[in-house]
Amino acid sequence: MTNEQLQNGAKLAEQIGALEAQLEGWKRATRFMYENVTLLCKEDGRVFDKIKTSFIDFDVMKTLTIARIEKELSKLKTDFENSN
């Protein structure tokens, strides 16, 4: 195994660990902690603050977020296995 492969494996392992921590948090979460969030408009850089979290369906966001994290985790784990 080359130095580059070792470094790539270490980087992937770090990313996997970070995503697993995020996944655990989302799986255990039951609601937003703050009343408001801040949104950013990419096109013009405008910031919309004090957007009420009560308008966000937490359960839908949680489900979508968990699915996205699990998809990314699966990809990273496949990449890690293929790097050995």
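## Leu73 and its neighbours

Leu73 touches Ile16, Leu19, Glu20 and Leu23, leaving aside residues up to four places away in sequence; contact here means heavy atoms within 4.5 Å. Leu73 itself lies in helix H2, where helices (H or I, at least four residues) and strands (E, at least two) are DSSP runs numbered from the N terminus. With a relative accessible area of 5%, Leu73 is buried. On this scale, buried means under 20% relative accessible area, exposed means over 50%, and partly exposed lies in between, using a 1.4 Å probe and protein chains only. Leu73 and Leu12 are 61 residues apart in sequence, and their C-alpha atoms are 10.0 Å apart in space.

A word on where these values come from: this is a predicted model, in which local features need pLDDT of at least 70 and side-chain atom pairs count only at pLDDT 80 or more, while totals for chains, interfaces and linings use all residues. Residues are numbered from 1 along each chain as its sequence is written, and side-chain values use heavy atoms, with hydrogens and water left out.

## How H1 and H2 pack

Two packed helices are described by the angle between their axes and the distance between the axes. For H1 and H2, the angle is about 160° and the axes are 9 Å apart. The axes are lines fitted to C-alpha atoms, for helices over the stretch in contact, and the angles run from 0 to 180 degrees between N-to-C directions. H1 and H2 are therefore roughly antiparallel to each other; angles over 145 degrees count as roughly antiparallel, under 35 as roughly parallel, 65 to 115 as roughly perpendicular and the rest as oblique.

H1 passes H2 in a left-handed crossing, a term used if the near helix is turned anticlockwise from the far one by less than a right angle, with clockwise giving a right-handed one. The residues of the contact of H1 with H2 divide into 13 nonpolar, four polar and seven charged. In that count, Ala, Val, Leu, Ile, Met, Phe, Trp, Tyr, Cys and Pro are nonpolar, Asp, Glu, Lys and Arg are charged, and the others, Gly among them, are polar.

## Salt bridges

The structure holds four salt bridges, each a side-chain nitrogen of Lys or Arg within 4 Å of a carboxyl oxygen of Asp or Glu. One of them pairs Glu20 with Lys77, the closest N and O atoms being 3.3 Å apart. This pair links distant parts of the chain, with Glu20 in helix H1 (residues 3–28) and Lys77 in helix H2, 57 residues apart. Glu20 is partly exposed at 37% relative accessibility, and Lys77 is partly exposed at 36%.

Lys27 and Glu70 also meet through their side chains in a salt bridge (3.7 Å, N to O). Here too the pair links distant parts of the chain: Lys27 is in helix H1 and Glu70 in helix H2, 43 residues apart. Lys27 counts as partly exposed at 44% relative accessibility, and Glu70 counts as partly exposed at 37%. Setting aside residues up to four places away in sequence, Glu70 touches Leu23 and Lys27.

Within helix H1, Arg28 and Glu24 lie four residues apart, about one turn of the helix. Arg28 forms a salt bridge with Glu24, the closest N and O atoms being 3.8 Å apart. Arg28 counts as exposed at 65% relative accessibility, whereas Glu24 counts as partly exposed at 42%.

Thr38 sits in strand S1 (residues 36–40) and is exposed at 52% relative accessibility. Its contacts, not counting residues up to four places away in sequence, are Val47, Phe48 and Asp49. The C-alpha atoms of Thr38 and Ile51 are separated by 6.1 Å, the two residues being 13 apart along the chain.

Most residues other than glycine have a negative phi. Lys50 has a positive phi of about 60° although it is not a glycine. Lys50 lies in strand S2 (residues 47–52) and counts as exposed at 62% relative accessibility.

## After helix H2

Ser83 is placed in the segment after helix H2 (58–82). At 11% relative accessibility, Ser83 counts as buried. Ser83 touches Met1, Gln5, Asn8, Gly9 and Leu12, again not counting residues up to four places away in sequence.
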